[in-house]
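Dear colleague,

Please find below the structure that I am handing over to you. My notes on it follow directly after.

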Amino acid sequence: MTDSKIAALAARIPEDFDLGVATASWQIEGDSKGRGSSIWDDFAKVPGNIKDGSVADPACDHVNRVEGDLDILKDLGVDSYRFSVSWPRVMPGNNQPNPEGIGFYNRLIDGLLERGIKPVLTMYHWDMPSELQAIGGWLNKDIHKHFQNYANLLAENFADRVGMWATLNEPWVSAYLGYATKLHAPGLGNPAAGFEAGYRLMSAHGAAMSVLREHKANMPGIALNLTEVITEDERVRAQADHVDSLQNRFWLDLLAGRGVSEALIERTSQFTDWSFIDQAQLKDIAQPIDWLGINYYTPIRIAPASEGDQKAALGQDFSLYPGVPEGAQMASREPRTEMGWEIFPASLTETLKQTAERLPNIPLYLSENGAAFDDQLVDGEIHDQDRVDFYLGHLNAVMDAKDQGVDVRGYFAWSLMDNIEWAEGLEKRFGIYYVDPKNQARIPKDSAKMFKEICKRNK
Ligand code: NOJ
């Protein structure tokens, strides 16, 4: 049954389509001794912040096991591997380069190239150096200059070999989970700070884009977490519009050179006057990118508050959208993943179509897509049929968008292996490889076998 579905899907994927897997530094690396401290180290030390008490070590002990992990990637047969650089590993907070840290990423990049895999580098996947947080982090008015120094170091060292660059990963999460609320590091819990952090993240993106262009880096871009905001009820149109504007349009408007919309400025006036906006920075932010990454997991549904208690998905909460008018609630439907996230592949097709309209003429990539399920290791195997179905459904949804004219060129499964799911800890498993916490063994789940088969048929 699954075999015929794999064959049918593989037949839809063009030969030059990029198939890859993704990870992020803090979630997999371990070896915190080999680097400076980050906001996630500080956050993880506070009891209760991370559900199972996970800290940076050992995670997947990836720094010490990089050769084996590279061999796994080779065996999977992926075209590309998306990883992130830990800022405090290459440039601990004192802004001095750390040769050992740079050496680690050189080994990783060279190891990928030796195996015929394209390195896709994310500069910022949430692990800001603690010392920079001490001066305000994404609220510091010069933070883009610090990011520019960091970008410069990365470009000088890696631009000759990296195939694609993402400046930021999901700046919405950094700003609204980390600054507006306390769900993620640094855990400020100040709604007004969310807007400013979001803007300053984008000004750092603009500054880094200039650096990457100066170094003639291949394919600079950014990865945003975009999704369709669905409502079937006119009465909550205003609420859905505000959520859509903070989740999706704010970032795309800035990239497209449309600035911050009047409607958003008005709706958030109780929190901020947006006086931190700088015209020169707006111009930098709007310089063309070579690709846009979309991290997609689940849609957002908005229902009237009067509809009785609906079930919201984990992490979907109006506190993440300061300024949303009263009268609505977040809702989601079955079926769900272990994160409580609704599984609805058609909304991925819609998200791609909508994004292509909002930011036209930019090649799109699914820079992340995947699911956590309650995997059971039985006799050395993990039959994760639910995840296999998730991937089949969503890859087909991507091909549906392609068939309808969207220029989507690649897909990265999240994640190569089980890792620290931020505040959810190690218990939420997103990997296509199972990681045994007892001995760090990597065990391919059925979803890895499926992904390998798709990669093989796509060669
Ligand atoms: C998005 C993030 O980029 C990644 O770090 C995270 O693990 C996945 N979503 C799953 O929540």
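The second largest pocket is lined by 15 residues, and those nearest its centre are Ala59, Leu426, Val435, Pro437 and Gln440. A pocket here is an open set of points on a 1 Å grid over the protein atoms alone, where a 1.4 Å probe fits and protein lies on both sides within 12 Å along at least five of seven lines; lining residues have an atom within 4 Å of a point. The space in this second largest pocket is about 160 Å³, a volume being the space filled by probe spheres set on the points, which are joined across faces, edges and corners. Its lining comprises 8 nonpolar, 3 polar and 4 charged residues. In this count Ala, Val, Leu, Ile, Met, Phe, Trp, Tyr, Cys and Pro are nonpolar, Asp, Glu, Lys and Arg are charged, and the others, Gly among them, are polar.

Please note that this is a predicted model, in which local features need pLDDT of at least 70 and side-chain atom pairs count only at pLDDT 80 or more, while totals for chains, interfaces and linings use all residues. Residues are numbered from 1 along each chain as its sequence is written, and side-chain values use heavy atoms, with hydrogens and water left out.

The largest pocket holds about 810 Å³ of space. Its lining has 40 residues, of which Leu177, Leu314, Gly315, Met339 and Trp341 are nearest the centre. By class, 18 of the lining residues are nonpolar, 15 polar and 7 charged. The element that gives the most to this lining is helix α9 (residues 171–180), with 3 residues. Helices (H or I, at least four residues) and strands (E, at least two) are DSSP runs, numbered from the N terminus.

Aromatic rings come next. The whole structure contains 32 aromatic pairs, where rings of Phe, Tyr and Trp (its six-membered ring) pair if their centres lie within 6.5 Å, and planes under 30 degrees apart count as stacked, over 60 as edge-to-face and the rest as tilted. The pair of Trp26 and Trp422 is stacked, because the ring centres are 5.8 Å apart and the planes are at 10 degrees. Trp26 belongs to helix α2 (residues 25–28) and Trp422 to the loop between β11 (408–414) and β12 (433–435), so this pair ties together parts that are 396 residues apart in sequence. Both tryptophans, Trp26 and Trp422, are buried; buried means under 20% relative accessible area, exposed over 50%, and partly exposed in between (1.4 Å probe, protein chains only).

A second pair, Phe195 and Phe271, is tilted, because the planes are at 45 degrees, with the ring centres 5.9 Å apart. Phe195 sits in helix α10 (residues 191–214) and Phe271 in the loop between α12 (262–267) and α13 (279–285), so the pair ties together parts 76 residues apart in sequence. Phe195 is buried at 0% relative accessible area, whereas Phe271, at 28%, is partly exposed. Phe195 and Phe271 also belong to a cluster linked by ring pairs, together with Trp172, Tyr176, Tyr199, Phe250, Trp251, Trp274, Phe276 and Tyr321.

The peptide bond from Asp57 to Pro58 is cis, with omega near 0 degrees, and Pro58 lies in the loop between α3 (39–45) and α4 (66–76). The bond from Glu334 to Pro335 is also cis, with omega near -10 degrees; Pro335 is found in the loop between β9 (328–331) and α14 (346–358). Trp422 has a positive phi of about 50 degrees although it is not a glycine. Met219 likewise has a positive phi, near 45 degrees, and is placed in the loop between α10 and β5 (220–224). With 22% relative accessibility, Met219 is partly exposed.

Two further residues may be of interest. Asn369, in strand β10 (residues 364–369), is buried at 0% relative accessibility. The side chain of Asn369 makes a polar contact with that of Tyr411 at 2.6 Å; such a contact is a pair of N or O atoms within 3.5 Å, and within protein one must be able to donate a hydrogen and the other to accept it, with residues adjacent in sequence counting only if both atoms are side-chain atoms. Asp75 lies in helix α4 and is partly exposed at 43% relative accessibility. The C-alpha atoms of Asp75 and Lys452 are 7.8 Å apart, although 377 residues separate the two along the chain.

Yours sincerely
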